[in-house]
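Please look through the sequence and the structure shown here before reading on.

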Amino acid sequence: MNRSRLAPGAGIVTAPGDRPVLRTSEGEFLRIDTGHVGPGELVDRLTEGEGQASSAELDRLVAAFEEAGHAVTEPRRPPLTGRTVHLLGDPVLTEPLARFAAAEGAEVQSASADDVAGLAGRRDTALVWCLDSPVPEGLWDEADRLPAGHTAWLRCHREGAHTWTEPLASAPGDVTAAHVRLRRLAATAAHRELAAYWAGHRTPDTGPHPTEPAAALIAALLTADLIAWASEEPHRGSGLPARRRLRRIDLRDLTVTEHPVLPVPEVAPLPAPTARTAA
């Protein structure tokens, strides 16, 4: 039988002369009423301590920790266990992402543009496409169809000194790359110029390209989005949820800013004009 252990991120703090306090994985401090159980007995029971003390009251206390999610009996599984992540794009970004995703338990595979259509309908599967350049028009159209079949779709690209990580899409109605483009065009007065930039009417690229620290930061952010997808838990924290979050990373100082983005609703076609009859 597995012994209970404190959940990852949780800990017990004992201030001199005071009762023990639980520091939760969220950073809250909660006082523990141990009753007739000695604080040392509880700590030993929930850590690697050698204490083997057991009593009905101690068992109830440990069960309360488990019920609240502050103690676990099973070893922690990496959050991407059972998920397959297909990587496509520029090695400066995909190589660190492959390491990070594998470290979190994912089965990582390389992919090509020809493989994208074949991923449709695969649950527990994600495609991540990383570009160290702007996105050519039409390149991501096929991948934008993946969320309709519950295949996860995550991407990033660079425009000048900024790398953009777009919202993870994993279900019908999520934000696609086409939605992001429409939202960004609607948000700027220079929409004609931005559209021309995306279409390739620009001078040759002068960088800056991601440095090793910048690439690691981008890969870590993308991995965090994959973990949010795999956990399928309600969003926590004060930030935006992964499926509605557009990030911009400034490659010059590694500043990260977040922007909310929503899907663009389908627009009904205009009614066909009716023929007029002469009076």
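Serine 170 is buried, because its relative accessible area is 11% and buried means under 20%. The model is a predicted one, and in it serine 170 belongs to the loop that runs between strand E10 (162-165) and helix H4 (177-186). Which residues does serine 170 contact, once its neighbours within four places in sequence are left aside? They are Pro147, His150, Thr151, Ala152, Trp229 and Arg243.

Seven strands make up an open sheet with mixed pairing, and their order is E7-E6-E8-E9-E10-E11-E12. Its edge strands are strand E7 (107-110) and strand E12 (255-260), each of which pairs on one side only. From one strand to the next, the twist averages 20°. In general, the strands of a sheet pair through backbone hydrogen bonds, and they do so either parallel or antiparallel. An example of the parallel kind is given by strand E6 (residues 84-89) and E7, which are joined by four bridges, with valine 85 standing opposite valine 108 in E7. Helix H4, for its part, lies across strand E9 (152-159), E10 and strand E11 (245-250), and it runs at about 45° to E9.

Strand E2 (residues 11-14) and strand E3 (residues 20-23) run antiparallel and are joined by four bridges, and glycine 11 stands opposite arginine 23 in E3. The hairpin that E2 and E3 form has five residues between the strands, and in this hairpin glycine 17 takes a positive phi near 75°. On the other pairing, E3 and E4 are held in the antiparallel sense over three bridges, where leucine 22 has leucine 30 in E4 as its bridge partner.

**Aromatic side chains**

How many aromatic pairs does a search of the whole structure find? The search finds three, and one of them is formed by tryptophan 129 and tryptophan 140, a tilted pair with 6.2 Å from centre to centre and 55° between the planes. Tryptophan 129 lies in strand E8 (residues 125-130) and tryptophan 140 in the loop between E8 and E9, so this pair ties together parts that are 11 residues apart in sequence. Both tryptophan 129 and tryptophan 140 are buried.

Tryptophan 129 also pairs with tryptophan 153, this time edge-to-face, at 6.4 Å centre to centre and with 70° between the planes. This pair links distant parts of the chain, since tryptophan 129 is in strand E8 and tryptophan 153 is in strand E9, 24 residues apart. Tryptophan 129 counts as buried because its relative accessibility is 6%, and tryptophan 153 counts as buried because its relative accessibility is 0%. Taken together, Trp129, Trp140 and Trp153 form one aromatic cluster.

Notes: Residues are numbered from 1 along each chain as its sequence is written. This is a predicted model: local features need pLDDT of at least 70, side-chain atom pairs count only at pLDDT 80 or more; totals for chains, interfaces and linings use all residues. Side-chain values use heavy atoms; hydrogens and water are left out. Helices (H or I, at least four residues) and strands (E, at least two) are DSSP runs, numbered from the N terminus. Buried means under 20% relative accessible area, exposed over 50%, partly exposed in between (1.4 Å probe, protein chains only). Contact means heavy atoms within 4.5 Å. Two strands pair if DSSP finds at least two bridges between them. Axes are lines fitted to C-alpha atoms, for helices over the stretch in contact, and angles run from 0 to 180 degrees between N-to-C directions. Rings of Phe, Tyr and Trp (its six-membered ring) pair if their centres lie within 6.5 Å; planes under 30 degrees apart count as stacked, over 60 as edge-to-face and the rest as tilted.
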